[in-house]
Amino acid sequence: MSTEPALMTLTEVARAIAMKQVSSHEVTRALLHRIAQWQPHLNAFMSIESEAALKAAEAADAELAKGEVRGPLHGVPLAHKDMYYDAGKVSTCGSLIRRDFVATTTSTALQRLKDAGQIRLGTLHLAEFAYGPTGHNAHYGPVRNPWNVAHITGGSSSGSGSAVAARLTYAALGSDTGGSIRMPAHFCGATGLKTTWSRVSRAGAMPLSQSLDTVGPLARTAEDCALLLALMAGPDPEDSTASHEPLSDYVAATKGSLKGLKIGVPASFYVDDLDGEVARVLDETIAVLKREGADIVKVELPDQRQLQAASQLVLAAEAAAFHKRWMIERPQDYGPQVLMRLQNGLAVPAITYLEAMRWRGPALAAHNAATAGVDAVIAPASPVPAPTIEESDVGGGPNAPALLQRLTLFTRPVNFLGLPSLTVPSGFTKSGLPVGMQLIGRSFDEATLLTIGAAFQRVTDYHDRLPKLPS
Amino acid sequence: MAQIAGVAVDDEIATRISNSIGPAFEGFAAIAGTLPFDLEPSSYVLAQNQKVSK
C-alpha cells in the first residue's frame, strides 16, 4: 500500500480517512496538486472545483472529528464523467449544445455515491454526448493517454480513463453503450466495469441509447469497482427499468479464489486478427488464470458479427431519436464526427430496429446456452492497443474509418446482450501502452467477474504501474 | 429516409450514411425477416432473468 495519499486505491484511501490516518483535506490537496501537474498534458477534466472541494473536505473532516460518518466514501474526493446530472451544476455532456445546461435533478448513481460521503472534485471530459469510441472532441479537444499523450484514451469515458490511470481521481463513473467504459480501461490501464443492463439506475444520466446504456465505474482495482457497484446497484423508483434482481455481496466476492471456476476462451472472433501484442497478452493472462486454479476451456459462441450489427442498428436509431430536435434546429452545433454518427440513425427503418429488439431475447438465450458450462468468457477489450490521436481522427487518412470500426468490434456484442464485463489491466506493449482483457459474465453475475479480476490483480502488478509525468 | 424523418440531408451525406451504416444491415440480413410471429422484445428480459447454471 502506498503512503502517498494520491497513489492509494479507493478502498485504501476510504479506510485511511475513516481511521483518521489521513484527512480528507490532505487527500484532496494531494489530488489537486497532481491535477494541476497533469491536466495541461491530458485535458482529462472538464471542470476543476478546487475551492469547493477543499471546503467540502474540511467539512468532512469536521464531521468525522465529531464521530459523524456519512458512509463508506466519507470525505473521498471523486470526479465523474460530465453526463451525470448534479442539481444546480452545469453538465456539458461534452457538447456545445449543453455547454450551459444546469441540471435540475441529481442522477441516482451519483446521489448514492454522495450519500456514501464522496465529495465533488470537478467533472471529467467525454466524447460529445458520449457518442465516440476514441476520446476526440471537436469542441473541447481530445483527451490524452497518460502513458503516451500522442495516443487516444478511448471513449466515450475518455476523461474517466485518463484521470483514473494518472491518479487524478480514485475512481470515476463512466457509461458504456458500445464499449465506453471498457475501451478507456483497456487503452489507459484502468479497471472498468460495464454492468449488466438495468443493474444500476440510469435516472439522471444523459441518455444515448436506452436499450444499451449502462452505468459503471472505472477505478484502479476490481476491489474498488466492487465497492462502488455495491453502493450504486439496485432498484430505483426514478428508473422503472432498474432491475429488482437480488444483489450480491460484491466486496466479499473480491476475496474469492479462482479454484473451481471455469473460464471460456472463444474459439473464434475474439481471437481472430489480433494485434500481435494483444494476442501475447491474452495468452499470458490465460496462463496466469490457469496457474491460479481456473479451469480454462474453449467455447463456441454464436455469430458475434450479427450481434455487432444489431447493436449498431439499435444504437444508431435510438441516438438519432434522442437528438432529432437538435439535429433539425442546431446541426451546426455538433462536431462533424458526432453529427455523422447521429445521421446514420436516420437510415434505420422502424421495422429493422424492432426486429433487432425482438431478436435480443433469442440472441441472449443462445449465448446463455453456449456459455452454460463456464463462469465467464475472456476476450481482449479491443483487437489493438491505443492508436494515435492523429491516425484515429476521421480526417486521419483512408484507414481511419476501418480503424474506428475495429476499435469497438469486441465490445458492441456485449452491449447488445446486456451482459456484464470487467476490463482488467493485463499487460503492456513493448512501447509501453497498456492492454486490457475483458471478462464477460452472465447477466447479473458481476460478482464472479470481480472474483476473477481481484484474484488476477493479487498476483499481477499491471494495475499498480504508474505513468510518468510528460516533460 | 432522412426527408421522411424531417431532417434535411444532401446527396453526399446520404451516400456517406449508406456507406457507414450499410455494413450493419448486411450483418443483420441473416436475421431480418426470419423471426417467429409471437416473439416480442420483452423476451429479452425473460432471457436476462433466466437462471443459468453451470
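Biologist: How many residues of chain A are in contact with chain B, and how many of chain B with chain A?

Modeller: This is a predicted model, in which local features need pLDDT of at least 70, side-chain atom pairs count only at pLDDT 80 or more, and totals for chains, interfaces and linings use all residues. Residues are numbered from 1 along each chain as its sequence is written, chains are lettered from A and ligands numbered from 1 in the order in which they are written, and side-chain values use heavy atoms, with hydrogens and water left out. Taking contact as heavy atoms within 4.5 Å, the counts are 44 residues of chain A and 35 residues of chain B.

Biologist: Which residues of chain A lose the most area to chain B?

Modeller: Buried area is the accessible area (1.4 Å probe) that two parts lose on being put together, summed over both. Chains A and B bury about 3400 Å² between them, with 64% of it on carbon and sulfur atoms. On the chain A side, 20% of what is buried comes from three residues together: A:Asn344, A:Leu346 and A:Arg358.

Biologist: What is the count of salt bridges between chain A and chain B?

Modeller: A salt bridge here is a side-chain nitrogen of Lys or Arg within 4 Å of a carboxyl oxygen of Asp or Glu. Over all chains the count comes to 15. Between chain A and chain B it is zero.

Biologist: Which parts of chain A does the pair A:Glu223 and A:Lys255 tie together?

Modeller: The closest N and O atoms of this salt bridge are 2.8 Å apart. A:Glu223 is partly exposed at 24% relative accessible area, whereas A:Lys255 is exposed at 54%; buried means under 20%, exposed over 50%, and partly exposed in between (1.4 Å probe, protein chains only). Helices (H or I, at least four residues) and strands (E, at least two) are DSSP runs, numbered from the N terminus. The pair lies 32 residues apart in sequence, so it ties the loop between helix H8 (250-253) and E7 to helix H7.

Biologist: Is A:Asp333 buried or exposed?

Modeller: The side chain of A:Asp333 meets that of A:Arg330 in a salt bridge (2.8 Å, N to O). A:Arg330 is partly exposed, at 28% relative accessible area. At 13% relative accessibility, A:Asp333 is buried.
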